[in-house]
Amino acid sequence: MASTSKLTEFTSLDRTKEVMKWIEFGFSVTKTILYPFKKAEAFAIAQAPTGLPTDKLGLDDDALDIDKISAGFDITPIEMFPQNMLTSFLSSIVSYIGYGFTINKHLNTLLSDEENDLDIMCIHIKRRHLNIAKKVATGAIILFGMTYLISQTVSKAVKAVKDLLQNAIKTLMSIVFACYAIYLIYSLIRMKINGKKWTVNDSEKLLSALGMFMDILEIPYVEKAMARTVKPYWIAVGVSSVINVGKTVLIPFTKPEAVNFDGKFFDEQAVKSKGNRLFVYFCGSGESTKSQRKKFMKDVDAKHQIYINGVGSQRSIYRHLYDSDIKVTEEQIGNNTVKYRFKNDKRDITCIEKFYTGGDRGYKNDDAEKASKYVFDAIKNAIEDNTINELILSGHGRGAAVGLMYLLFSLNGDTAMLNRLAKIKISVVPLDPVAGQTGNDYGKMDTNWYSGKIYDELFDQFKNNIAITEIWSNADTMSVFASFNPAKRFLNNPLKNVMLGRLLLGYEHNAFVSTYEEYTEDYEDGKAPYNKVVELFNQKVFDFTGNAATFSSKILALQSDYDALNKYVRDKGESNYSRYRRSNYKDHTGKLKDFFDFIASYKYSLG
């Protein structure tokens, strides 16, 4: 098949998105009801000075006397809002909030592509700037709404300022929304040209864009001019009302936004695809399988790959929508947990989308046990392929500290699995294992377990066929809002002589698994922590296994390389890394340990 074949991913609705959808629906219903009344009032105000009898419009002269409306602060806010003006005010606020929902959803769609940068209408936009734009757009809508509200309560003395402010806000908002509507329509056309099937979401988005564009009528001078023409005005109001009704009807039927995934990663000759290697990865907190797979499936040299989403992440639903040679299978394996497998000659990838009972609070109840079981079963199924003789077991953050550790703990329970693994080189690579801010439940694991104890048991079973390489960040955080403290159960050494290396790389917890600019800009091209981790997976880890005589020297050489990189970043002096440098932490027994002394405390020796 053609190499342009595509899969489409959907991010499943979590409870928050379900609630937000119905809140948006409520605002849309309110706007739809209020809009005709608002426009009738605007029409009455525009026509009244020309002599149109106001009593026929159901309004008295006081309702049209703006001076009386804002006569001073000695009247209550309700008195300052005659019924007609209050309706107009509420309608405007509801409209702005509704547009905020639309803009937020579309920006989330763009951000969900998990790419570093985006090209929008021939303009190159960095991902970090898109994130900033999302916050600015949300903040601007809130600010304009508050300003509009305040402007309604000013006194007669500043009436001219009030009118000027209101007109400026309405004009600016209308122009911004109209411009955004044009871009929204452009993006829909572009996706359609690229082969995307039309969905209910697209219809709702198109109606939102048309509604935004029609908001040009909200510009005060345009509205007054249109109102005096009568017929064109009411035609425009009718069109806008139909658009509002259509959008309101469609909102309940919308589904999670689609994200295109290009199948050429499977087909192109340049893709790395070592057929004898299996790569297993436990995503960290908030990490979805789609975000990590998009990077690792291109860069990690392994045909067979298994991913499980992290705690607090959005689950992904994979659907086969385009003709291709990629076979997609779906299997329900647990409560709200689905396993997807898609493959061709170049790739065989399994993604496990687990529902975590603890949400973003961490592994709770039986989450750790279930997550490891699903991955365990996937590994067991994969290694039925006798060509696999190399296995990488990795994870990041909580995925390493809990999910990966529970998997290693559970290996001893299956003799057939152990016998098969005994014929395979195994590399365990925990990436900055942290326990998060709220702790975790470890299920059936011994209350006194620690990583060193599990490592001892693994080496009893697999001898020199297994090597462990822990990668740690020098800093626990690059933000004052959250800290990534080392998991307590990793702060103790094995009692036996095992092939374990601990390495320090970079200063950001997320840099090991991210290519975003904020994690790469301080490094030379191709030498960021992510690049070093991929290089470790592809070229280094299996040099360690089965090579006890050279293990220590190779670990030292690798740390020397990482030290040079760390020094390069420090010497640039662009970030205050020393402020967040890791220091002292308590292990699971309550003993205080210096982090860097601990990292250097274990050395494998041939004996």
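1. Basis of the note. Because the model is predicted, local features need pLDDT of at least 70 and side-chain atom pairs count only at pLDDT 80 or more, while totals for chains, interfaces and linings use all residues. Residues are numbered from 1 along each chain as its sequence is written, and side-chain values use heavy atoms, with hydrogens and water left out.

2. The sheet as a whole. Nine strands form an open sheet with mixed pairing, in the order β8-β9-β10-β6-β5-β11-β12-β13-β14; strands (E, at least two residues) and helices (H or I, at least four residues) are DSSP runs numbered from the N terminus, and two strands pair if DSSP finds at least two bridges between them. The edges are held by β8 (327-334) and β14 (500-504), each of which has a single partner strand, so one side of each is left without a neighbour in the sheet. From one strand to the next, the twist averages 15°.

3. Strand β8 runs antiparallel to β9 (residues 337-343), and seven bridges join the two. Within this pairing, Glu-331 has Lys-339 of β9 as its bridge partner.

4. Strand β11 and its neighbours. Strand β11 (residues 390-396) pairs with β5 (residues 277-282) in the parallel sense over six bridges, and Val-280 stands opposite Leu-393 of β11. Towards β12 (residues 425-431), β11 is again parallel, with seven bridges, and here Ser-394 stands opposite Val-429 of β12.

5. Which residues of β11 are buried on each of its faces? On one side these are Glu-390, Ile-392, Ser-394 and His-396, and on the other Leu-391, Leu-393 and Gly-395, so that both faces are covered; buried means under 20% relative accessible area, exposed over 50%, and partly exposed in between, with a 1.4 Å probe and protein chains only. In a regular strand the side chains alternate between the two faces of the sheet.

6. Helices across the sheet. Helix α12 (residues 289-299) lies across β5, β6 (304-308), β9 and β10 (348-353), and runs at about 155° to β6. Helix α18 (residues 529-544) lies across β5, β11, β12 and β13 (466-472), and runs at about 140° to β12. Axes are lines fitted to C-alpha atoms, for helices over the stretch in contact, and angles run from 0 to 180 degrees between N-to-C directions.

7. The α14 and α16 pair. The axes of α14 (residues 398-410) and α16 (residues 451-462) come within 10 Å and cross at roughly 40°. Met-405, Leu-408 and Phe-409 of α14 make the contact with Ser-451, Ile-454, Tyr-455 and Leu-458 of α16, where contact means heavy atoms within 4.5 Å. These residues divide into six nonpolar, one polar and no charged, with Ala, Val, Leu, Ile, Met, Phe, Trp, Tyr, Cys and Pro counted as nonpolar, Asp, Glu, Lys and Arg as charged, and the others, Gly among them, as polar.

8. Two loop residues with positive phi. Asn-365, in the loop between β10 and α13 (367-382), has a positive phi of about 55° although it is not a glycine. Lys-463, in the loop between α16 and β13, also is not a glycine and has a positive phi, near 55°. Asn-365 counts as exposed at 52% relative accessibility, and Lys-463 counts as exposed at 52%. Most residues other than glycine have a negative phi.
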